[in-house]
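Keep the structure open and follow along.

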Amino acid sequence: MVSSSHQLLPLLKQYFGFKSFRPLQEEIIRDALAGKDVFALLPTGGGKSLCFQLPAMAQAGLTVVVSPLIALMKDQVDALQSSGVPATFLNSSLAAGEARARLRGLHTGQYRLLYAAPERLMLSGVMADLQRWNVNLLAVDEAHCISEWGHDFRPEYRQLAGLRQLFPTVPMMALTATATGRVRQDIVTLLGLREPSCYVASFDRPNLTYRVFAKNKPYGQVLEFLRARPKASGIVYCQSRKSTESVAERLNEDGVKAKPYHAGLTPKERSQHQELFLRDEVRVICATIAFGMGINKPNVRFVVHYDLPKNIEGYYQETGRAGRDGLPSECVLLFSAGDVVKQTGFIDEKPDPKEQQIARAQLQQMVHYAEAAGCRRRELLGYFGEQFEEDTCGGCDNCLSPRETFDGTLAAQKLLSCVYRIRERTRFGVGLNHVIEVLTGAETEKIRRWGHEQLSTYGIGSEHSRAEWGAIGRELVRLGHLRQTAEKFSVLELTPEGLAVLKERKPVRLTKPVSAPQPTAHRAGEIACDEVLFESLVRLRKQLADERGLPPHILFSDVTLRQMARNYPASERELGRISGMSERKLQEFGRVILAVVAGHLQMQPRQIFADDSFAATPPISGRATLGVTARDTLRRFRAGQSVEQIATQRMLTTGTICGHLAEAMLAGEPIDLNQFFTAEQQVEVAAAFQKTGSAGLTAVFESLGGRFDYGRLRLFRAAMGNRRG
C-alpha cells in the first residue's frame, strides 16, 4: 500500500498534474489508506474529490463514491478518464446495454472508482455485487444530505447506514462543503463512523468577492452586470422555474447566450443545457435555487442571486460554485424586503411546525447577512463557527466601500418605545409590521381592536417610510436591542440592551441600507499573464475539447492556461512543470500547446511579470494601462453623467466609479479635480495626506472626520500621484 509523501506525490503529479497537496488533503488521504474512518469538511473548490480519488490509485481494489447528482458523476468520471484513471458510474441515465457493460468491467476489476447514487447503491442486487468487488473505501460525498438539519436533506441518504453493517472493516469517508456543528454530529452518528478523524478546513474563499445590491428592476441590473463582463461565464439563481425561463429568454434576446435549468425540464433538456454551459457554448445558466445543479465547472466567474436564498448554507454552497479554480470571481445578491415576504409565505405552507420554525430561523439569519453593515466574509465564516481575525477582508462591499452611518438615536428610541408601549397596553408582543403600522399612524382593524391608536407612539414615525422603518427594526435586532422569535407569528421583545437605550438615552448609530451596486476592486487569486496568449490558449482548448466531445475545463483549467501564458514554456520539460499538466495530457497535447506559444512569441514580444504571481502586469510606459470597464466609465463621465448616474446604470458603487476615474487619472487622462472638491477642501485634504504619510486612506478618512468618502479620496490620491510624476 502507498502511504508516505514520497510515494503519494508521484501519483499526484502523474494522474492529476499537481506537485503538492492543498491544506488537509494529505492528512485525509493518509488516514483513509491506514483504514481509518474520516469526516472531512472542505469548502467548495477545496479539493474534496482528490481525497478519495488519489487513494483509489494508491491501492488495489475498488473505491465506491456515493453522490446525489447524476450530472456531477458524469463530469467527474470524464475528467478522471481523460487523466488515465479507470473510473465509471452507475445511475438511471444509462441504457440497459451500457449498464451491463460497466457491470462486467466491475466484475473483472477493470475500474478503480465507482460513482453511484444512494438509491442505486442500496438495491439488493448491487449490494450483493459490492461484496464481490473488493471494495477498499466507501466515500459519501455531499454527506450533509443525511441530516434533516442540513439545507439539502435527502431521505434516501438515511439508507446508507446499512453500508456499515455490510462492510464493517472497510474505512468510510464522509465529505461535505457546508455543515454547521449540529449537522456534522448528525453525519458522524447516522453513518456510523467509528472514532473518525475529523478535518474541518477554513470556510474562507479569499478569491470570491461578496456583494449585495438593492433590488431595483433586477433584470436590467443583471444585464448591465453581464455586459460589463462580456467574456465571463456564470450562474444566475432564481426563485421560480418561471423566472429562470423568462430571464434566460430575455438574455438571449439581448445578445447573451443563456439557458434555463430547473426540475421542471426533462432530464434530456437539463443534460443538454448543462452540457452547453460546460462546453462554453452558452455563458449563463439561469437555475432555480431549490434545484441542486452539481456543476463542476472551475471557471464560473460569477454567481448572481436574482432572488433571496432560503438559508445561509444554501447561499454559501451556491456562491461556492464560483471561482473553483482559485481565480477572482464575484458573488452578487439582489436583495429586497419583498423577497422576505415571499419566502415567509412559502414557509407558512410547510405542513410540519418544526420545519417551519427551522426555516424561519434560517431565513432570519439570511436577512441578517443581506442587511449587515459589517464584513460579509466575517458574517459567513461566523455562521459556520469560524472566526475571521482581520479588520477588513478587502473582498466584500462593506469592506471595500463602507456604507454611511447616521445618528439613529431618535429613530431607535421611537421604535423601541413603541414595542414597549404595545406590550405594556396589551400584555403580549406583536410583530415588526404591526409596530411599523402604529408608528406610521395606519388605520387597520387590528389597531382599532387593540386600541393602539390611543398609544403615545401612534403616528410619531411619519418621517420614515414603512420600508425604512423595516430596515431600522431589523438592524436593531442585529444590534441586540430587540429579540425576534422564530414562530409563525414572530414577535419583537425588548432586550436589556434595548431597555438601556430607552432609559439611559444611549446613542445609537445606524447604517444606511444597501442602495447602490458595489465595487469590483478585490482580485485575490489573480494571475497576471499575457492576455493575448491566454485567449489563444482558450481557443485551442475549446477546439481540442470539441474534437473529443468533452467540456473544455476537463482538459485544462483557466489557472493552468494562465500559468502557460505567464511562463511561456518552450519545451516539454518546462510545460510539464505547469500545475494541472498530468503526464497523459503532456503526451497528448504538449506539442500543439508549445506550437501555439512559439507562434505567439514570433508575433508578440515576451512580457515580463513581477515575481508575485498575484501582481498586476507592470505598465510599460510607467503609467497604468486603462482597462475596458474604466474606459467606459470615463466615456460616460465626459458625456456629462454624474458619478451617481454612472453607478446606477452600471450596477456599481459610487466608490467603484471614483476608482475608475482615479485609474484614468493615473493612465494620463485629464480629469478636473475641481468637479469633486472646492479649493478650500483641496487644501484641507492635501494637508491630511501630508500629515498621515503612507498610513493609507483609512487614516486620511478618519483624520478628516469621515466628511469625504473613500471614492473621492482615491481620486485626490491619484491626482497627487500624477503631480509627483
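**Salt bridges and cores**

Start with Lys 215 and Asp 339, whose side chains meet in a salt bridge at 3.0 Å, N to O. Bear in mind that this is a predicted model. The two partners come from distant parts of the chain, 124 residues apart: Lys 215 sits in the loop between β8 (208-214) and α10 (218-227), while Asp 339 belongs to helix α14 (residues 337-348). Buried means under 20% relative accessible area, so Asp 339, at 2%, counts as buried.

Now hop over to Glu 463 and Lys 414, another salt bridge, with the closest N and O atoms 2.9 Å apart. Glu 463 is in the loop between α20 (445-450) and α21 (466-478) and Lys 414 is in helix α18 (residues 409-426), so this pair ties together parts that are 49 residues apart in sequence.

Next up is Arg 707, which forms a salt bridge with Glu 684; here the closest N and O atoms are 2.2 Å apart. Arg 707 lies in the loop between α32 (697-703) and α33 (710-724), and Glu 684 in helix α31 (residues 679-692), 23 residues apart. Both ends are partly exposed: Arg 707 has 48% relative accessibility, and Glu 684 has 31%.

Some charged residues join up in a network, too: Arg 301, Asp 325, Arg 541 and Asp 558 are linked by salt bridges. Across the model, the count comes to 34 salt bridges.

Time to head inside. What about helix α3 (residues 50-58)? Nine of its nine residues are buried, so the helix is largely enclosed by the rest of the structure. Among the buried residues of α3 are Leu 50, Phe 52, Leu 54 and Met 57, along with Gln 53 and Pro 55.

In soluble globular proteins, nonpolar side chains tend to be buried together. Here the largest nonpolar core has 112 residues, and those with the most contacts inside it are Phe 52, Leu 54, Leu 130, Met 173, Leu 191 and Tyr 369. Helix α3 supplies the largest share of this core, seven residues. Zoom in on Phe 52 and you'll find, beyond its sequence neighbours up to four places away, contacts including Val 65, Leu 113, Tyr 115, Leu 137 and Met 173.

Finally, look for a second, separate core: it has 29 residues, including Ile 646, Ala 688, Leu 713 and Ala 718.

Methods:
Residues numbered from 1 in each chain as written. Predicted model: local features only at pLDDT ≥ 70, side-chain atom pairs only at ≥ 80, totals over all residues. Heavy atoms only, no water. Salt bridge = Lys/Arg side-chain N within 4 Å of Asp/Glu carboxyl O. Helix = DSSP H or I, 4+ residues; strand = E, 2+ residues; numbered from the N terminus. Buried < 20%, exposed > 50% of the residue type's maximum accessible area, 1.4 Å probe, protein only. Core = buried A, V, L, I, M, F, W, Y, C linked by side-chain atoms within 4.5 Å. Contact = heavy atoms within 4.5 Å.
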